[in-house]
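Hi,

Here is the structure I said I would pass on. Have a look at it first, and then read my notes below.

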Amino acid sequence: MRQQDAHGVTQEILPPPKKVTLEEFLESDLEGYEYVKGELIPMPPTSGAHGKISINLILPLGLYVRENQLGDVYVPDTGFQIGDRVLIPDIAFVSSARLPDDLSTAFAIPPDLAVEVVSRTDILHRVEEKAFAYLEAGTRMVWVLKPVSETVMVYRSKTDIRVLTCEDTLTGEDVVEGFSCQVAQLFE
């Protein structure tokens, strides 16, 4: 593939290798990919709607977590090693008790809360697969925000999945205790 740089010079851009080991991926400087069982999964740029929905949640969640000194909230581009995967949730929360000292690499632990905002380029069964991968690795709760239906899927386990509509309130339950917001506000 050929691409022009900022100075108008055309350069040959080689695609990353399709198969790499987890260690190679963690040591690389590849950005814009998740690592799933030896495969590099491209993370294409998201839409403006995706960004707006994400910020509608990250601002109140981040503020609440900071004011109550519960831990840290992370934006996309933050990697989490989940078993044989490195996943990049749209939003993640890690409690103070679990925060590692070294933040210079991808987290070697799953987040307490992982949030995925479904994009137009997402395949829904892959998003659900990610939700279950988080839970199996120890994530306590996963929120999947679905813009088309304006709903939030709350995953606690394979048998504890709830759908919240715009008439409902999303809460942090026992993961981000005391946090709540109206689902409708996320999709404004």
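What follows is a short tour of the salt bridges and the nonpolar cores. Keep in mind that this is a predicted model.

Let's start with the charged pairs. The count comes to eight salt bridges. One of them joins Lys-130 and Glu-116, with N and O 3.2 Å apart. That pair links distant parts of the chain: Lys-130 sits in helix 3 (residues 124-137) and Glu-116 in strand 9 (residues 113-117), 14 residues apart. Are these two buried or exposed? Lys-130 has a relative accessible area of 11%, so it falls under the 20% cut-off and is buried. Glu-116 is buried as well, at 7% relative accessibility.

Which residues does Asp-174 pair with? One partner is Arg-140, where the closest N and O atoms are 3.5 Å apart. Asp-174 lies in the loop between strand 13 (169-171) and strand 14 (180-182), while Arg-140 is in the loop between helix 3 and strand 10 (141-146), so this bridge ties together parts that are 34 residues apart in sequence. Both ends are partly exposed, Asp-174 at 40% relative accessibility and Arg-140 at 33%.

Arg-156 also forms a salt bridge with Asp-174, at 2.8 Å from N to O. Arg-156 is partly exposed, with a relative accessible area of 22%. Through shared partners, salt bridges join Arg-140, Arg-156, Arg-162, Glu-173 and Asp-174 into one network.

Now for the nonpolar side. The largest nonpolar core has 24 residues, and the members that touch the most others are Leu-57, Leu-113, Trp-143, Leu-145, Val-152 and Leu-170. Helix 2 (48-67), strand 8 (91-95), strand 9, strand 10, strand 11 and helix 4 (183-186) each supply at least two of its residues. Which element gives the largest share? That is helix 2, with five residues.

Cheers

Methods: Residues are numbered from 1 along each chain as its sequence is written. This is a predicted model: local features need pLDDT of at least 70, side-chain atom pairs count only at pLDDT 80 or more; totals for chains, interfaces and linings use all residues. Side-chain values use heavy atoms; hydrogens and water are left out. A salt bridge is a side-chain nitrogen of Lys or Arg within 4 Å of a carboxyl oxygen of Asp or Glu. Helices (H or I, at least four residues) and strands (E, at least two) are DSSP runs, numbered from the N terminus. Buried means under 20% relative accessible area, exposed over 50%, partly exposed in between (1.4 Å probe, protein chains only). A nonpolar core is a set of buried Ala, Val, Leu, Ile, Met, Phe, Trp, Tyr and Cys residues joined through side-chain atoms within 4.5 Å.
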